Amino acid sequence: MTRVSRSLRREDESPETGRRDARKQRTRRALLDAALDLIQGEQSFNSISLREVARNAGVVPTAFYRHFRDMDELGLTLVDEALRALRQMMREARAAALPTSHLVQQSVQTYLRYVQENERYFQFLAKERFGGSRTIRLSIRQGIQLFISELSTDLARFPFLARFSTEELQMFSGMIVNQVVNSTELLLDLPYGDDVQVEALRKTTEQQMMLIFLGTGQWIPKSEGKPKP
């Protein structure tokens with residue numbers, strides 16, 4: 001009887017536990033969304049307070065600490081959310097067995113679409129990349145470096161790039177990622193709904209990336225001697 005009673009009690013508690021978990025997740029999401037809303041316009045993440053975030057999320061300040069130690073931890077969570085799904089999408093785009101020009105087109109289209117659909121996150125990243133919190137700056141920098149490392153691994157599978165060293169592939173990847181970061185900031189400054197300028201930016205970004213690939217193909221690896229001036 002004791003075992004049965006305990007089993008029944010666990011089953012009875014399970015729905016309530018699920019509801020509590022759901023409420024907790026909703027509150028956490030509300031805090032993250034409140035922070036993103038507050039930094040739209042001229043405000044930076046470093047300029048908003050914990051109390052402002054809690055008030056805009058509709059919770060008391062003490063509830064904040066059930067989810068985050070401080071504002072830096074909330075900011076790190078935003079960085080992770082912005083970049084984790086994007087890395088997966090870009091890995092899938094690069095994995096397609098397509099000619100280089102088509103692969104560039106697909107990757108650029110995937111990326112720019114994702115930025116548009118998640119504009120608040122990328123406004124946050126653009127502001128905080130050189131912003132006030134060193135912790136968040138370093139996290140964004142590490143995220144960008146992870147993109148570079150993953151891209152350099154993918155580039156090694158192209159036959160015409162296989163002869164390059166890891167260091168050289170990292171250099172080429174850095175050029176591509178830096179160009180994409182620049183295009184991101186240009187995209188965020190475009191008027192909302194201006195499809196003509198977005199399309200122009202897409203084409204320019206694709207051309208710039210193709211130029212990087214063409215130049216890379218002409219680069220002489222260190223193992224084969226110095227590049228020609």
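Arg29 is partly exposed, as its relative accessible area is 29%. In this predicted model, Arg29 pairs with Glu81 in a salt bridge whose closest N and O atoms are 3.1 Å apart. That pair ties together distant parts of the chain, since Arg29 belongs to helix α1 and Glu81 to helix α4, 52 residues apart.

**The overall layout**

- The protein chain has nine helices and zero strands.
- Read from the N terminus, the order of elements is α-α-α-α-α-α-α-α-α.
- Of the 229 residues in the chain, 38% are buried.
- The chain exposes about 13700 Å², and 53% of that comes from carbon and sulfur atoms.
- Among contacts with a separation of 6 or more, 65% are between residues 24 or more positions apart.

- The mean pLDDT of the chain is 84, with 87% of its residues at 70 or more.
- Helix α2 has the highest confidence, at a mean of 95, while helix α1 has the lowest, at 74.
- Where pLDDT is low, the predicted coordinates should not be read in detail.

**Salt bridges**

- Side chains of opposite charge can pair when their charged atoms come close.
- This structure holds 10 salt bridges.
- Arg29 has another partner in Asp33, with the closest N and O atoms 3.3 Å apart.
- Both Arg29 and Asp33 sit in helix α1, four residues apart, which is about one turn of the helix.
- Asp33 counts as partly exposed because its relative accessible area is 25%, and Glu81 is also partly exposed, at 21%.
- A salt bridge also forms between Arg129 and Glu185, where the closest N and O atoms are 2.8 Å apart.
- This pair too connects distant parts of the chain: Arg129 is in the loop between α6 and α7, Glu185 is in helix α8, and 56 residues separate them.
- Arg129 is partly exposed at 23% relative accessibility, and Glu185 is partly exposed at 27%.
- Through shared partners, salt bridges join Arg29, Asp33, Asp37, Glu81 and Arg120 into one network.

**The nonpolar core**

- The largest nonpolar core contains 56 residues, and those touching the most other members are Phe45, Val53, Leu74, Leu78, Phe122 and Phe124.
- Two or more core residues come from each of these elements: α1 (2–38), α2 (50–57), α4 (71–95), α5 (100–117), α6 (119–128), α7 (134–155), α8 (166–189) and α9 (195–218).
- Leaving aside residues up to four places away in sequence, Phe122 touches Ala82, Leu86, Tyr111, Tyr114, Val115, Thr184 and Leu188.

- Met171, Met175 and Trp219 make a nonpolar surface patch of about 270 Å².
- One of these residues, Met175, lies in helix α8.

Methods. Residues are numbered from 1 along each chain as its sequence is written. This is a predicted model: local features need pLDDT of at least 70, side-chain atom pairs count only at pLDDT 80 or more; totals for chains, interfaces and linings use all residues. Side-chain values use heavy atoms; hydrogens and water are left out. A nonpolar core is a set of buried Ala, Val, Leu, Ile, Met, Phe, Trp, Tyr and Cys residues joined through side-chain atoms within 4.5 Å. Buried means under 20% relative accessible area, exposed over 50%, partly exposed in between (1.4 Å probe, protein chains only). Contact means heavy atoms within 4.5 Å. Patches are made of residues with over 30% relative accessible area and no salt bridge: like charges are joined within 9 Å, nonpolar side chains (Val, Leu, Ile, Met, Phe, Trp, Tyr) within 5 Å. Accessible areas come from the Shrake-Rupley method with a 1.4 Å probe; for residues, only the protein chains shown count as cover. A salt bridge is a side-chain nitrogen of Lys or Arg within 4 Å of a carboxyl oxygen of Asp or Glu. pLDDT is the predictor's confidence in each residue, from 0 to 100.
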